[in-house]
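Visitor: I would like to learn how to read a helix, a sheet and a chain contact in a model. Please show me the structure first.

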Amino acid sequence: MFRVNATALAVAAALGIPQAAHAATEDDLKELREQVRQLKEVYEKRIESLEKRLQQTEQSAGKAEAAASKAETTANQAAVQASSRPVGENALNPGISLILNGIYSNLSRDPTGFKINGFVPTLGEVGPPVRGLSLGESELAFSANIDHHFRGTLIASISPDNNSAEIEEGYIQTLSLSNGFSIKAGRFFSGIGYQNQIHAHAWDFADAPLANKVFLGNQLNEDGIQFKWVAPTPLYFDLGLELGRGRKFPGGPDGGRNKNGFGSGNLFTHLGGDIGASIAWQTGLSYLTTSPQDRTFTDLDSTGTSVTNSITGKSRLWVLDGVLKWAPNQNPTYTNFKVQGEYFRRSESGILSYDTAATSLGTQAGSYASRQSGWYLQGVYQFVPMWRVGLRYDRLNSGTTSIGLVDSGALTAADFPILGGYNPHRTTAMLDWSPSEFSRMRLQFARDYSQLGATDNQILLQYIMSLGAHGAHKF
Amino acid sequence: MKSILKNLIALVFAAAALPAAAVLNVFACEPEWSSLAQELGGDKVIVFSATTALQDPHRIEARPSLIARIRSTDLVICSGSELEIGWIPLLLTQSGNDRIQPGSPGFLEASQFVVRLEIPKVIDRALGDIHPSGNPHIHLDPRNIAKVAEVIAERLALLDPANADAYKTRASSFRERWQTAVQRWEQQGARLRSVPVVVYHRDFSYFINWMGMREVGSLEPKPGIPPTPVHLADLIERMKRGPAKVIVYSPYNNPRAAEFLSERANIPVVMMPFTIGGTGRAKDLFGLFDDTIDRLLAAIK
């Protein structure tokens, strides 16, 4: 209101001056000017104070708005945080993960007759996959803390061919022991060597080293108890003892003996640490002792008949393993290199029974003793993010095998062709691509001299994908 | 031979006796927490950081040396929110140490004590390596550091009651110095308000949120997935329409993608310290924020 009046007055005053100038004296003019000036001053002051008030109002409005938006953000965040918490019974479900794996294989030799000469066949899945496209074993894993004392893990492997699920690992482990002690019980991959404890989906090659195939039947999972102690030293040092049922090769018979007590024992120790900022290493020594009972295998005897033989006795296996990983500043994201090797040495003694089903020359039994060894060395290099190349060399030494029935002249070496001296070897190269932590495609070439007088050229194309809970992998 | 054995046994026992000594062993998953624990514990603690600024905390190997360390630790401090999910669970189960298992006072996940950002509404791996519990890189908002400091101070006092008063004193001294510093940083950083920024990985979200900056893109097409040419080309196009003022990356990221975008889109690129030890100036938490703000201010001039 005031603003309009003041403006009107000012305009009137301004308009009035020229008219008044003619009639008015100089004093009048002066007075008039003074009045206008005063009027203007009051008006400006008023406007100024009003502007100030307006500004203040605007400022506080802005503040209120900011506060409101902040409150809204906080409320939103709180709502999201609240809703992100799973509720109800499902909240305590174990972590579930699933591994899918499929393979295309092109083999120059028929895999159905696969054998490794010079060594007692191990039963189980040691041969290459079937030719052509096939679904590999799918792995289903559950794990969670049971309570503050125990953690439980179950890993089932589902085989597509015979529609069966096998328990690969199913164990509990302690959380509440101290001073470096922990105990695992159930079925678990034995702590013998390095590769044996690693799940197939985390292997750097599509198949196991030859030494793991002939000495551990691909991968040894034992029913038993494992005691482990980690030393309180800056350098990593552990000691472990496993007592098992001896449910499969190199123990046996398949499924374990019908007796109280233990069928296998394994002692292991590891030493590990860092060298500088970019290298980590670990080395281990393990000793596995088992008493195979009626370990059966088939062979073609000198008459060309397929006969079943069996071994009962003692088996002792030493494994020396080492792994070294390099990554610049221990940041493996861009480039890294891993070298891994194991040396196996086994001595077995006992009774070898020939033709237990008496289908050829009749059942006979005699002494059996062997000293055999094998090793592999492999390197895997990630040269750019997502891409790795790898090279592996395997070699086995059938060593000395003495068969009482042959030494006594009852039978000839030709009756046990699979046990004849031979040093299998294999060279493998691979290239893999992992677009994320959860998927991997691999192309692998191998030239395999496992069988006497037969070279197998193997081309494998494989995918391995993991779904669900984020797994943690052992060093 | 006998004397060697004797010495060895003596060594083992001496080492076994260590935890009983008057100091607390603190194992921090990331250097920011070891630095904070050092501020709050002083000479009453021995801190160890499992990672350095040059390592991606998502991708750490459960190395034997880390198991050896965590075995004799009294307090483990991690960011949590699945950041260390690929390695910490293994270290914990291999440790044979009941004091640091989840649920015991010796295990502390810092992100549990702050308001987390970017909690996904949809959880699907097709979106990249997302964290269902929200963004775990909470330490670049100094107000979070203040909150976590209170929690750590309480834990130290709980685990080592004999020195509870010392921890209290150190905590209040830190609180005061930190508050003053935060005010200073907020003044200095006023010019960063609304500044559009491109990140490498979404590990600066808390800083960006604190300073009121705007994240307008990331070099990773999806969290945890390295930059691809297609995504970079797309980003360059977007930068033509609405340019960012600065591109930031961490010391553990490969700078190539950031530099490529910087050249093509003519936007300055800055390596941020990200955590303690990331740059020469980031020697402690104060230096970390000083350097972070100064580097950004210098870049947007």
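This is a predicted model: local features need pLDDT of at least 70, side-chain atom pairs count only at pLDDT 80 or more; totals for chains, interfaces and linings use all residues.

Visitor: Which residues of H10(B) are buried?

Guide: The general idea comes first. An α-helix has 3.6 residues a turn, so residues three or four places apart point the same way. Here, helix H10 (residues 285-299) of chain B has 15 residues and reaches 21 Å from first to last C-alpha, close to the 21 Å expected. Its buried residues are Leu285(B), Leu288(B), Phe289(B), Thr292(B) and Leu296(B). They cover an arc of only 90° around the axis, which puts them on the same side of H10(B). Their cover includes helices H2, H5, H6 and H7 and strands E7 and E8 of chain B.

Visitor: In what order do the four strands of the open sheet in chain B run?

Guide: The order is E6-E5-E7-E8 (chain B), with parallel pairing. Strands E6 (214-218) and E8 of chain B stand at the edges with a single partner strand each, so one side of each has no neighbour in the sheet. On average, neighbouring strands are turned by 30° against each other, direction ignored. E5(B) and E6(B) pair over four bridges; Val198(B) has Gly217(B) as its bridge partner in E6(B). Helix H9 (residues 256-265) of chain B packs on the sheet, touching E5, E7 and E8 of chain B, and its direction makes about 175° with that of E7(B).

Visitor: How many residues does each chain give to the contact?

Guide: Chain B gives 45 residues and chain A gives 43 residues. On the chain B side, the largest share, five residues, comes from H3(B). That side divides into 19 nonpolar, 14 polar and 12 charged residues.

Note on methods
Residues are numbered from 1 along each chain as its sequence is written. Chains are lettered from A and ligands numbered from 1 in the order in which they are written. Helices (H or I, at least four residues) and strands (E, at least two) are DSSP runs, numbered from the N terminus. The expected span of a helix is 1.5 Å times one less than its number of residues. A residue is buried if 20 or more other C-beta atoms lie within 10 Å of its own, exposed if 12 or fewer, and partly exposed in between; C-beta atoms are placed from the backbone. The arc is that of the directions from the helix axis to the C-beta atoms. Two residues are in contact if their C-beta atoms, placed from the backbone, lie within 7 Å. Ala, Val, Leu, Ile, Met, Phe, Trp, Tyr, Cys and Pro count as nonpolar, Asp, Glu, Lys and Arg as charged, and the others, Gly among them, as polar. Two strands pair if DSSP finds at least two bridges between them. Axes are lines fitted to C-alpha atoms, for helices over the stretch in contact, and angles run from 0 to 180 degrees between N-to-C directions.
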